[in-house]
Amino acid sequence: MEFLFLLSYFIVVLPFGYQVVYGIRIIYRITKKSLLDVLITSLCLQIVLTILAFFLAAWSFSGECGLPVFGIIGLGMMSMFAIIIIAIIQFIVASIFRNKIRL
């Protein structure tokens with residue numbers, strides 16, 4: 001059952017990795033998506049996967065103290081905040097990168 005609890009923490013941080021990887025790919029123009037599309041997708045995935053991870057952890061802790069389950073909600077909120085910060089940094093880097101290419 002501890003495996004499911006650890007898996008739920010891993011599920012919560014997946015959208016953060018998606019934002020970082022695809023944001024870098026967009027900055028270097030490897031993909032045709034926009035940064036706003038990736039940001040919206042990451043935030044929606046974050047909400048859905050946090051809810052899924054909460055229920056998965058609650059199921060794995062059934063009959064025991066469920067207080068660590070609420071840590072998943074906190075981790076989800078911190079991940080969402082980090083996704084927004086990373087997206088802002090990627091927007092700034094992309095605009096600087098595009099202006100240097102034009103010069």
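I84 is partly exposed, because its relative accessible area is 36%; buried means under 20%, exposed means over 50%, and partly exposed lies in between (1.4 Å probe, protein chains only). The model is predicted: local features need pLDDT of at least 70, side-chain atom pairs count only at pLDDT 80 or more, and totals for chains, interfaces and linings use all residues. Residues are numbered from 1 along each chain as its sequence is written, and side-chain values use heavy atoms, without hydrogens or water.

I84 sits in helix 3, which covers residues 69–102. Helices (H or I, at least four residues) and strands (E, at least two) are DSSP runs, numbered from the N terminus. I84 also belongs to a nonpolar surface patch of about 700 Å². Patch residues have over 30% relative accessible area and no salt bridge; like charges are joined within 9 Å, and nonpolar side chains (Val, Leu, Ile, Met, Phe, Trp, Tyr) within 5 Å. A salt bridge puts a side-chain nitrogen of Lys or Arg within 4 Å of a carboxyl oxygen of Asp or Glu.

The overall layout comes next. The protein chain has three helices and zero strands. From the N terminus, the order of elements is α-α-α. The radius of gyration is 17 Å, well over the 13 Å that the globule rule gives for 103 residues, so the chain is more spread out than a compact globule. This radius is taken over C-alpha atoms, and the rule is 2.2 Å times the number of residues to the power 0.38. Along its principal axes, the C-alpha trace spans about 65 × 20 × 15 Å. Buried residues account for 30% of the 103 residues. The accessible surface comes to about 6,700 Å², and 78% of it belongs to carbon and sulfur atoms. Accessible areas come from the Shrake-Rupley method with a 1.4 Å probe; for residues, only the protein chains shown count as cover. Among contacts between residues at least 6 apart in sequence, 74% join residues at least 24 apart. A contact means heavy atoms within 4.5 Å.

The largest nonpolar core has nine residues: F5, I11, V12, L49, A53, A57, F61, V69 and I72. Helix 1 (2–27), helix 2 (35–60) and helix 3 each give two or more residues to this core. Another core, of six residues, lies apart from it and includes I26, I27, V38 and A94. A nonpolar core is a set of buried Ala, Val, Leu, Ile, Met, Phe, Trp, Tyr and Cys residues, joined through side-chain atoms within 4.5 Å.

The contact lists here leave out neighbours within four places in sequence. I11 meets L49, A53 and L56. I72, in helix 3, is buried because its relative accessible area is 0%. I72 touches F5, S8, Y9, V12, T50, A53, F54 and A57. I72 and F10 are 62 residues apart in sequence, and their C-alpha atoms are 10.0 Å apart.

Some serine and glutamine residues are buried too. S8 is part of helix 1. At 0% relative accessibility, S8 counts as buried. Beyond four places in sequence, S8 contacts A53, L56, A57 and I72. S79 belongs to helix 3 and is buried at a relative accessible area of 7%. Its contacts beyond four places are V12, V13 and Q46. S79 and R25 stand 54 residues apart in sequence and 20 Å apart in space, C-alpha to C-alpha. Q90 lies in helix 3 and is buried, with a relative accessible area of 6%. Outside its four-place neighbourhood, Q90 touches Q19, V20, G23, I24, I27 and L35.

Helix 2 holds L39, which counts as buried at 14% relative accessibility. L39 and F55 are 16 residues apart in sequence, yet 25 Å separate their C-alpha atoms.

The loop between helix 1 and helix 2 contains R29. Phi of R29 is near 60°, a positive value in a residue other than glycine. R29 counts as partly exposed, at 49% relative accessibility.
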